[in-house]
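Biologist: Can you take me through this model? I have some questions about it.

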Amino acid sequence: IVKEFDILLDELRRYNPEMLDKDRLIAISKCDMLDDELKAELKIQLDKEFDGLPYIFISSVAQQGLTELKDKLWQMLN
């Protein structure tokens, strides 16, 4: 996740550095494929690696976290 995030930040930096000033939210998809133990391990890693950057686990198939994602995005925009 950290490697992919760094790649995206580099693409933003090259495309438009002003985009780096915007708020960020990490959405981890396909969380229906994770058991509780793996999800707990991921949370520990995310808390350590991203130092306060908000994240949310979602699954379109299982309809998990989608309402929370929409609510969080709406809150960030307003």
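This is a predicted model: local features need pLDDT of at least 70, side-chain atom pairs count only at pLDDT 80 or more; totals for chains, interfaces and linings use all residues.

Biologist: Which residues make up the largest nonpolar core?

Modeller: Ten residues: F5, L9, I26, I28, C31, L42, L46, F50, L53 and F57. Such a core is a set of buried Ala, Val, Leu, Ile, Met, Phe, Trp, Tyr and Cys residues joined through side-chain atoms within 4.5 Å, with buried meaning under 20% relative accessible area (1.4 Å probe, protein chains only).

Biologist: Which element gives the most to this core?

Modeller: α2, with three residues. Helices here are DSSP runs of H or I, at least four residues, and strands are runs of E, at least two.

Biologist: Now S59. Buried or exposed?

Modeller: S59 is buried, at a relative accessible area of 1%. S59 lies in the loop between β2 (55-57) and α3 (66-77).

Biologist: What does the side chain of S59 make a polar contact with?

Modeller: The side chain of D32, at 2.9 Å. A polar contact is a pair of N or O atoms within 3.5 Å; within protein, one must be able to donate a hydrogen and the other to accept it, and residues adjacent in sequence count only if both atoms are side-chain atoms. The S59 side chain also reaches the backbone nitrogen of A62 at 3.1 Å.

Technical notes. Residues are numbered from 1 along each chain as its sequence is written. Side-chain values use heavy atoms; hydrogens and water are left out. Buried means under 20% relative accessible area, exposed over 50%, partly exposed in between (1.4 Å probe, protein chains only).
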